[in-house]
Amino acid sequence: MDTEWPRWEVFKQDTPNKPHQAVGSVHAADPQHALLTARNVFARRPQAVSMWVVRAEDVFSVTKEELLEANHEPQATGHKPQAFAAFRKTSHKRSMTFVDYVGEVEAASPEEALQKAQATFTDAEALAWWLVPAAKIVKSDPSPETIESWFAPAKDKTYKQQQYYATVGSHVSKHKGGRGVEDERSGEECASC
């Protein structure tokens with residue numbers, strides 16, 4: 001029996017003029033739990049004005065290499081067209097984000113949404129695509145009160161990069177003789193004091 005909570009992909013918007021970007025994932029029991037966990041994990045530092053979460057199983061993803069290897073032609077599904085949010089990766093340079101939101105397309109299947117996204121968003125080469133039914137995305141409340149209470153408290157906090165915290169320890173050569181040897185040497189030094 002699988003007892004792990006579902007995985008949710010997290011998209012953070014840094015400022016109103018920037019797109020939502022995939023920043024990581026969290027495990028949560030439901031959408032509100034996922035949003036709160038995402039806020040605690042990914043919005044503790046400046047800046048954020050909005051967060052989206054979506055269950056990982058609702059993300060249709062394909063890389064540039066996968067597009068070359070497999071056929072992703074849309075098949076007739078008989079489903080009613082719906083809005084799909086399109087996310088695209090265009091660079092390997094940024095390590096903290098994976099894909100950026102580029103817009104929406106109407107499609108009856110993820111494969112058709114992929115085809116439409118490729119035809120619509122042509123301003124940059126795509127290294128990867130994520131297509132998500134827009135109705136499956138759970139968004140943080142856009143009201144000014146919620147933005148203030150969720151994101152503003154982190155704006156004035158200072159923080160240090162991970163590499164600032166040095167690891168304090170002893171050199172490996174000190175332990176080569178084993179603990180007992182070190183203890184004996186310590187004892188000898190003390191005896192001569």
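Guide: Contact here means heavy atoms within 4.5 Å, while helices (H or I, at least four residues) and strands (E, at least two) are DSSP runs, numbered from the N terminus. This is a predicted model, where local features need pLDDT of at least 70 and side-chain atom pairs count only at pLDDT 80 or more, while totals for chains, interfaces and linings use all residues. Residues are numbered from 1 along each chain as its sequence is written, and side-chain values use heavy atoms, with hydrogens and water left out.

Visitor: How many helices and strands does the protein chain have?

Guide: The protein chain has five helices and eight strands. From the N terminus, the order is β-β-α-β-β-α-β-β-α-β-β-α-α. Of its 193 residues, 34% count as buried (under 20% relative accessible area; exposed is over 50%, partly exposed in between; 1.4 Å probe, protein chains only). Take the contacts between residues at least 6 apart in sequence: 66% of them join residues at least 24 apart.

Visitor: What covers the buried residues of α3?

Guide: Start with the helix itself, residues 110-120, whose buried residues are Ala-113, Leu-114 and Ala-117. They span an arc of only 105 degrees around the axis, so they sit on the same side of α3 (the arc is taken from the directions from the helix axis to the C-beta atoms). The general idea is that an α-helix has 3.6 residues a turn, so residues three or four places apart point the same way. The cover over the buried residues of α3 includes β4, α2 (64-69), β5, β6 (100-107) and β7.

Visitor: Are the residues of strand β7 buried or exposed?

Guide: Six of the six residues of β7 (residues 128-133) are buried, so the strand is largely enclosed by the rest of the structure. Ala-128, Trp-130 and Val-132 point one way, and Trp-129, Leu-131 and Pro-133 point the other.

Visitor: Which strands pair with β7?

Guide: Two strands pair if DSSP finds at least two bridges between them. β4 (residues 60-63) runs antiparallel to β7 over four bridges, with Phe-60 partnered by Leu-131. β5 (residues 82-89) is also antiparallel to β7, over six bridges, and there Arg-88 stands opposite Trp-129.

Visitor: Now α1. Which of its residues are buried?

Guide: Those are Ala-34, Leu-35 and Ala-38. Looking down the axis, the buried residues of α1 fall within an arc of 100 degrees, so they line one face of the helix. They pack against β1, β2, β3, β8 (138-139) and α4.

Visitor: Which residues have the most contacts inside the largest nonpolar core?

Guide: A nonpolar core is a set of buried Ala, Val, Leu, Ile, Met, Phe, Trp, Tyr and Cys residues joined through side-chain atoms within 4.5 Å. The largest one has 15 residues, and Trp-8, Val-10, Ala-34, Leu-35, Met-51, Val-53 and Phe-151 have the most contacts inside it. The elements giving two or more residues are β1 (7-13), β2 (21-27), α1 (31-42), β3 (50-55) and α4 (144-151). The largest share, three residues, is from α1. A second, separate core of 13 residues includes Phe-84, Ala-86, Ala-126 and Trp-129.

Visitor: And Glu-9: where is its place?

Guide: Glu-9 is in strand β1, and at 10% relative accessibility Glu-9 counts as buried. Beyond its neighbours within four places in sequence, Glu-9 is in contact with residues including Trp-52, Val-59 and Trp-130.
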